[in-house]
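Subject: Structure for your review

Dear colleague,

Please find below the structure that I am handing over to you.

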Amino acid sequence: MSNQPQCPECSQVLSLSDDTVEGEVIACPGCEAELEVIDTDPFELAVAPEMAEDWGE
Amino acid sequence: MNPVIGFFSGRVRVEEKLLLEAYAKRGVEVQRFTERNMTLRLDRLADDPRWSGAGAIRVFHDRGLAFGTAGPLLEALEASGVTCVNRAEVVATSGDKFRTSLALARAGVPQPETYWCTSAEDALRILDETLGYPAVLKPQVGSWGRLVARLDTRAAAEAVLESREVLGSFHHRTHYLQRMIAKPGRDLRVFVVGNEPIAAIYRTSDHWLTNTALGATTSACSVEGEVGELALRAAQAVGGGILAVDLVEDPERGLLVLEVNHSGEFRNSIEPTGVNIPGRMVDFVLQTAGEIGPARDATLRSSTSLPPIEATP
């Protein structure tokens, strides 16, 4: 499993730990974009969706 | 064989990671679903291999982030005979402040003086004649203190109400107004799991909103006595399950219930309370799974009052 995906915004190569799970949100150290982990095998990242009005606890 | 648990989440926060770790520690298989890609065939729900047949999901643990997505999904699962924690009805009630107020009133649980009206004109009349200023205007659906407005003056109320009616969606054309409580710089959050209040914290802030999402600090609070009892009554009023009940101390009326959360955040509550909150939540889901036996068929009890949909012959 590749643990070095690229940021979809700025193409920076990221190093993710093995305990990263699908759905987790990380910040790109290059452009500070919030990225959501779409898949972990291999790692796939997408720009995380903006907070929606109905989000909450 | 381990019970098969479905775990539904949107964005995976610290809470969801801790819950998934708790399942893993117990050697329990969890099948994950995300809000990002959820498709249901509504006219053939019971034929869905995800929850019919051997090894299918029997209990669904909802940690969804989007109220508008989790609600319909839970209803569909319950219609298929899957037990959900929390139940669809509980999520529908606790995710909506209007419905929560009705449920609390029905159960005789004390809450702040609350009004709902359908026009800015009526809202101003309630504010002028009854609630006074400051008062609190809340969105019917929402969390983390977002769009909650403290109306200090009539001018502020006019501006906020006009903005809501002009710029907001149809959800903002009704107004949920509450008396401002002169709380002592803090409120309380009580975690209820099944029939037990397991942990409680104070949330303290210099800001009038005491959400931890807005920077409030947390400290331990005892669940003994009225705190635990009132939280349990509030949790039961919305249907029970795994719930986080927010209480406020009114100098005149004592403890009141502010809201009940169906997917409560607890990352800042484990350390001050010393309670393994995710572990207790997961154990409750597993107990629920044990109650319904090893196999799923259409005769298993649904957690709704409606009969489950039969599989297509």
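This is a predicted model: local features need pLDDT of at least 70, side-chain atom pairs count only at pLDDT 80 or more; totals for chains, interfaces and linings use all residues.

For the complex, the predictor reports an ipTM of 0.85 and a pTM of 0.91. Chain B has a mean pLDDT of 91, with 93% of its residues at 70 or more. One stretch of chain B calls for caution: over residues 292-303, pLDDT stays under 50. The model has 29 contacts beyond four places in sequence for that stretch.

Chain A

Chain A contains three strands and zero helices, and its pattern along the sequence is β-β-β. Its C-alpha atoms fill a box of roughly 35 × 20 × 15 Å along the principal axes. The chain has 57 residues, of which 39% count as buried. Its accessible surface is about 3,200 Å², and carbon and sulfur atoms account for 41% of that area. If one takes the contacts in chain A between residues at least 6 apart in sequence, 24% of them join residues at least 24 apart.

In chain B, strand β1 (residues 5-9) runs parallel to strand β2 (residues 30-34), and five bridges join the two. Between β1(B) and β2(B) the chain passes through helix α1 (residues 14-25), giving a β-α-β crossover that is right-handed. To locate the pairing on your screen, you may look for S9(B), whose bridge partner in β2(B) is T34(B).

Two residues compared

Is F8(B) buried or exposed? This residue lies in strand β1 of chain B. F8(B) has a relative accessible area of 0%, which is under 20%, and therefore counts as buried. Beyond four places in sequence, F8(B) touches a number of residues, including F33(B) and T34(B), as well as F60(B), H61(B) and L73(B). S219(B) is 211 residues from F8(B) in sequence, and their C-alpha atoms are 30 Å apart.

Because its relative accessible area is 60%, which is over 50%, L42(B) is classed as exposed. L42(B) and P72(B) are separated by 30 residues in sequence and by 11 Å in space, C-alpha to C-alpha.

The nonpolar cores

In soluble globular proteins, nonpolar side chains tend to be buried together. The largest nonpolar core in this model has 24 residues. Among those with the most contacts inside it are I5(B), Y23(B), F191(B) and I198(B), together with M281(B). Which elements of chain B each supply at least two residues of this core? They are β1, α1, β9 (186-193), β10 (196-204), β12 (242-250) and α9 (277-291). The largest share, seven residues, comes from α9(B).

Neighbours within four places in sequence aside, I198(B) is in contact with F191(B), V193(B), V223(B), V275(B), I277(B) and R280(B). There is also a second, separate core of 23 residues, which includes C221(B), A234(B), L243(B) and L247(B).

Yours sincerely

How values were computed:
Residues are numbered from 1 along each chain as its sequence is written. Chains are lettered from A and ligands numbered from 1 in the order in which they are written. Side-chain values use heavy atoms; hydrogens and water are left out. Two strands pair if DSSP finds at least two bridges between them. Helices (H or I, at least four residues) and strands (E, at least two) are DSSP runs, numbered from the N terminus. A crossover is right-handed if, with the strands pointing away from the viewer, the path from the first strand over the helix to the second runs clockwise. A nonpolar core is a set of buried Ala, Val, Leu, Ile, Met, Phe, Trp, Tyr and Cys residues joined through side-chain atoms within 4.5 Å. Buried means under 20% relative accessible area, exposed over 50%, partly exposed in between (1.4 Å probe, protein chains only). Contact means heavy atoms within 4.5 Å. Accessible areas come from the Shrake-Rupley method with a 1.4 Å probe; for residues, only the protein chains shown count as cover. pLDDT is the predictor's confidence in each residue, from 0 to 100.
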